Amino acid sequence: MKKVIRGKELREKMEEAIALLCGTVKQTLGPMGRNVIIDHSSFNPFITNDGVTIAKNIESDVEGVGAILEIAKEASIKTDENVGDGTTTTLVILEALINLSQNYIDEGINPLTIKKKLTAKLDFILSKLEELKYEATLENLKNIACVSSGDEKMGMMVGEILHNIDDKEAIIIKEKNFNVLDMEFIKGYSCLINHPSEYYFQDRKNIRFDLASILIINGFIGEIDSISDILNEAILSNRALVIVARDFDPIVVNEIVALNLEGKINCFMIKISEYGLKERIIQKDLEIITGAHIVEENANITGDNIGIVKNLYLDREILKMSFREDIELNNYIHNIETELESLADEFDKEFYKRRRAMFKNGMVEVSIGSPTKTECREKRMRLDDAICSANAAKKGIVHGGGVALLKIAEDINIDDEASSIWKEALMKPFEQIMINAALDSNKIKEQIRSQNFHAVYNICTNEFENINNTNIVDAFLVVRNSLINACSIAGMLLTTTSLVINEYQNNINKIADYGEL
């Protein structure tokens with residue numbers, strides 16, 4: 001059974017949904033923002049101040065409110081997908097746009113007119129924001145990361161990382177069960193692997209070689225005779241041999257392990273963890289790096305197929321290796337970037353970006369941990385926030401702490417309803433930051449205005465700083481996405497006149513009735 005909600009009842013439910021969502025999340029905004037405990041059905045409760053994580057977990061069992069909540073959440077989720085930060089700012093602006101617009105709608109102005117005017121005025125606001133953008137320095141990146149993480153050591157580390165790499169996909173995060181925060185820059189190539197035998201790691205955690213041969217087979221090794229010449233060559237040269245294949249017959253595995261146990265050879269069998277096209281791509285990467293020639297299934301294998309690897313590392317899950325010295329990678333990197341532009345799937349994009357990073361400037365491995373899972377999860381979320389915000393800042397920054405939006409609000413002339421709405425809405429992020437720090441936003445706002453917006457207020461030091469000599473900055477892309485997504489969802493909700501929902505109680509009764517039959 002369906003039920004239609006409209007008019008005053010719909011308005012009340014929309015107000016309740018927005019107040020519940022935005023009112024909860026906005027308390028986390030700024031350096032003095034608070035934390036929220038989330039009780040999750042799949043794992044232990046955890047603490048976070050990550051806006052989008054909080055938003056995703058807010059639900060309501062009030063009839064109709066849940067549906068509106070899901071629509072409103074999209075503004076925050078979309079910002080997170082695009083830039084990975086600014087989700088709380090998005091909801092602060094969303095709440096302001098809806099509440100302020102509703103006042104005009106109550107006076108009889110058509111909601112569709114409001115929506116069109118808000119969208120038109122957004123173009124002006126974005127152009128003003130573009131004018132305020134400037135290039136980020138290393139210190140800017142560090143400070144943005146410090147603010148996002150709420151941890152100076154973590155922020156300084158993340159800023160250093162993002163200053164030296166091209167994409168955040170080049171960062172590998174490893175969680176530990178003890179208190180640690182460290183990083184290591186890794187030059188070379190790495191990929192996830194499996195082993196057909198546990199023999200290699202019974203008494204050691206990893207294997208390292210300064211020099212090794214590598215054979216790459218795009219197929220199944222069913223008989224040891226097919227690789228006997230290569231094995232004999234490895235025995236005579238006394239050089240370690242790494243064989244990469246899709247799979248190995250158990251008999252072949254046992255025979256090679258026996259040769260290792262007898263001390264005749266150092267031969268290591270590897271299966272790439274990816275499948276299909278991605279497995280083939282990794283094979284091609286290894287071919288380029290090592291100078292090997294991929295052997296197709298059932299083809300003859302000769303010494304010409306062998307490549308050479310320096311500084312090879314193996315453990316239960318990862319293969320790492322350095323590039324050969326005479327390698328020319330510019331064209332290969334260009335091909336990766338060209339293919340990347342044509343991709344739509346986010347997982348495929350991440351895979352290609354990580355490959356590009358390895359071939360350009362390398363990867364970074366970050367180790368993070370805490371004594372308890374709850375603290376480690378919260379620490380990991382803050383690290384993710386810092387990485388995303390600093391990465392977005394590499395595309396440009398604006399003055400932070402809500403001051404850039406205050407400056408734009410000052411430049412708006414009130415000539416229609418949308419101008420008035422935007423002028424007030426743009427002040428809300430600044431005001432909320434001050435409220436969360438228990439400060440008088442109006443007093444501080446007037447002092448910034450009196451200095452012609454050439455000052456920002458540092459909440460941590462309780463001092464005003466000149467905008468030309470401050471590290472209080474925001475990523476341009478973060479602010480831009482917050483404005484766009486808040487306006488989009490606000491416009492959709494404002495022009496909604498009816499809500500059609502299931503009457504759950506009726507459905508439950510029907511199920512009960514059927515159960516009696």
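Q: Is E296 buried, partly exposed or exposed?

A: Burial is read from relative accessible area: buried is under 20%, exposed is over 50%, and partly exposed lies in between, with a 1.4 Å probe and protein chains only. E296 has a relative accessible area of 35%, so E296 is partly exposed. This is a predicted model, in which local features need pLDDT of at least 70, side-chain atom pairs count only at pLDDT 80 or more, and totals for chains, interfaces and linings use all residues. Residues are numbered from 1 along each chain as its sequence is written, and side-chain values use heavy atoms, with hydrogens and water left out.

Q: Which residue meets E296 in a salt bridge?

A: A salt bridge is a side-chain nitrogen of Lys or Arg within 4 Å of a carboxyl oxygen of Asp or Glu. For E296 the partner is R280, at 2.8 Å from N to O. The pair links distant parts of the chain, 16 residues apart: E296 is in strand β12 (residues 295-296) and R280 in helix α10. Such labels are DSSP runs numbered from the N terminus, helices being H or I with at least four residues and strands E with at least two. R280 is partly exposed, with a relative accessible area of 27%.

Q: How many salt bridges does the structure hold?

A: The count is 32. One of them joins the side chains of E198 and R316, at 2.5 Å from N to O. These two are 118 residues apart, E198 in the loop between β6 (189-194) and β7 (206-218), R316 in the loop between β13 (307-315) and β14 (318-321). R316 has a relative accessible area of 42%, which makes R316 partly exposed.

Q: What does the salt bridge of D348 with K278 tie together?

A: The closest N and O atoms of D348 and K278 are 3.6 Å apart. D348 lies in helix α12 (residues 346-360) and K278 in helix α10 (residues 276-290), so the pair ties together parts that are 70 residues apart in sequence. D348 is partly exposed at 27% relative accessibility.

Q: Where is Y332, and which residues does Y332 touch?

A: Y332 sits in helix α11 (residues 330-341). Its relative accessible area is 17%, so Y332 is buried. Contact means heavy atoms within 4.5 Å. Not counting residues up to four places away in sequence, Y332 touches K284, D285, I288, R355 and F359. By C-alpha atoms, Y332 and S149 are separated by 36 Å, and they are 183 residues apart along the chain.
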